[in-house]
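Subject: Structure for you to look at

Hello,

Here is the structure I promised to pass on. Please open it and keep it on screen while you read my notes below.

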Amino acid sequence: MDISLGTGGYHFIVYNYSFRNDYKCQGHIMKLRYTPFQMRCFTAEEKNTQYEDVFNKFDTLNKSIVIVGTLHSMVGPIAAMLKYLMPSINITYIMTDGGALPIYLSSNIRELKKKELIDNTITIGHAFGGDMECINIYSGLIAAKHIFKDDVTIVAMGPGIVGTGTKYGFSGIEQGQIIDAVNNLDGTSITVPRISFSDTRQRHRGISHHTITNLTNIMCTKTNLVLPYLKFKKRKIIKKQIIYNEIHKKHNVLYENGKDINEILDRYDLNITTMGRNFEKDKEYFFSLGAVGRWVIHFMNCHKTNTTLQKTSK
């Protein structure tokens, strides 16, 4: 159909004759642009809306905590640990377009929302279907903090990371770019490491080459890397990777206990797997996620204490 769009000039339509939908989409931002499946979305950034001033007057994330992962399976265990340790915490999940695009495809997110382990969802880029739509990671982070008023934001792609085995050929490379975005907006960035001693691929044993590449070659700013306490031999391998790649010279390398993550997953009846492996088959992966969640709560508690002491001293 020729509708003089200006860019290409064509609009492709796919119509399902067996399905009738009278829903009238609002907004003027198109996702899945110039494909037969493009759709009109109302994004938070649009002009002449109740949120316009939020973006125009934005100044800072004010050190708000943003946890950035690579795999979709990281979201659930981290959220569960956060909620277990601080039930009142307000968590927003931002789903990027590095994996699946419809958030509806994630049974994990449906379950986490149903069990109130995640409070809000935002889909950015060409990902769609969240409680709120945003155009990019910057506006998504602003919306999470200043519209949803969250305490912690978790950012990760939807199901289905893309990888080729080459150094830069994986969609999880977005982690490095997102960390820089968080720091550019004056947030507190937490990098979730991908750690495994069960993956048969050597490049993913210990700290995955994905995480190492992001920390060493992609991130231009300093982040907080939280690692789990592990048994001596495995801890030694992790430490060797950190030193060999000089990660400790560029970033804050922190350690926390995440070994009770399995009990917490059981408490919320969550059956989460990574690359088809559950907790019993890939314990160190899940220990890493538990450690991230526990460290964040410790950080928040210490920050609240320090703030209270500063106010008292004044």
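This is a predicted model: local features need pLDDT of at least 70, side-chain atom pairs count only at pLDDT 80 or more; totals for chains, interfaces and linings use all residues.

Strand 4 (residues 91-96) and strand 7 (residues 152-157) run parallel and are joined by 6 bridges. To find the place on screen, pick Ile91, which stands opposite Val152 in strand 7.

Next, the whole protein. Its secondary structure comes to 10 helices and 12 strands. The C-alpha atoms fill a box of roughly 65 × 55 × 40 Å along the principal axes. For 314 residues, a compact globule would have a radius of gyration near 20 Å. The protein has 20 Å, which agrees. Of the 314 residues, 53% count as buried. The protein exposes about 16100 Å², and carbon and sulfur atoms supply 52% of that area. Contacts also reach along the chain. Take those between residues at least 6 apart in sequence: 72% of them join residues at least 24 apart.

Helix 6 deserves a stop. How many of the 10 residues of helix 6 (residues 209-218) are buried? The count is 8, so the helix is largely enclosed by the rest of the structure. The buried residues are His209, His210, Thr211, Ile212, Thr213, Asn214, Leu215 and Ile218. They pack against several elements, including helix 5 (174-184), strand 8 (188-191) and strand 10 (206-207). Strand 11, helix 7 and helix 8 (247-250) are also among their partners.

Then the aromatic rings. The structure holds 6 aromatic pairs. One of them is Tyr229 with Tyr255: the ring centres are 6.3 Å apart and the planes are at 15°, so the pair is stacked. The cut-off for stacked is planes under 30 degrees apart. This pair links distant parts of the chain, 26 residues apart. Tyr229 sits in the loop between strand 11 (224-228) and helix 7 (232-244), while Tyr255 is in strand 12. Elsewhere, ring pairs link Phe279, Tyr285, Phe286 and Phe287 into a cluster.

Glu284 has its place in helix 10 (residues 283-313). Its relative accessibility is 10%, so Glu284 counts as buried; the cut-off for buried is under 20%. Which residues is Glu284 in contact with, leaving aside its neighbours within four places in sequence? The list is Ile195, Phe197, Leu230 and Lys234.

Ile243 is found in helix 7. With a relative accessible area of 46%, Ile243 is partly exposed. Ile243 and Arg205 are 38 residues apart along the chain, and their C-alpha atoms are separated by 16 Å.

Best wishes

Technical notes
Residues are numbered from 1 along each chain as its sequence is written. Side-chain values use heavy atoms; hydrogens and water are left out. Two strands pair if DSSP finds at least two bridges between them. Helices (H or I, at least four residues) and strands (E, at least two) are DSSP runs, numbered from the N terminus. Buried means under 20% relative accessible area, exposed over 50%, partly exposed in between (1.4 Å probe, protein chains only). Contact means heavy atoms within 4.5 Å. Rings of Phe, Tyr and Trp (its six-membered ring) pair if their centres lie within 6.5 Å; planes under 30 degrees apart count as stacked, over 60 as edge-to-face and the rest as tilted. The radius of gyration is taken over C-alpha atoms; the globule rule is 2.2 Å times the number of residues to the power 0.38. Accessible areas come from the Shrake-Rupley method with a 1.4 Å probe; for residues, only the protein chains shown count as cover.
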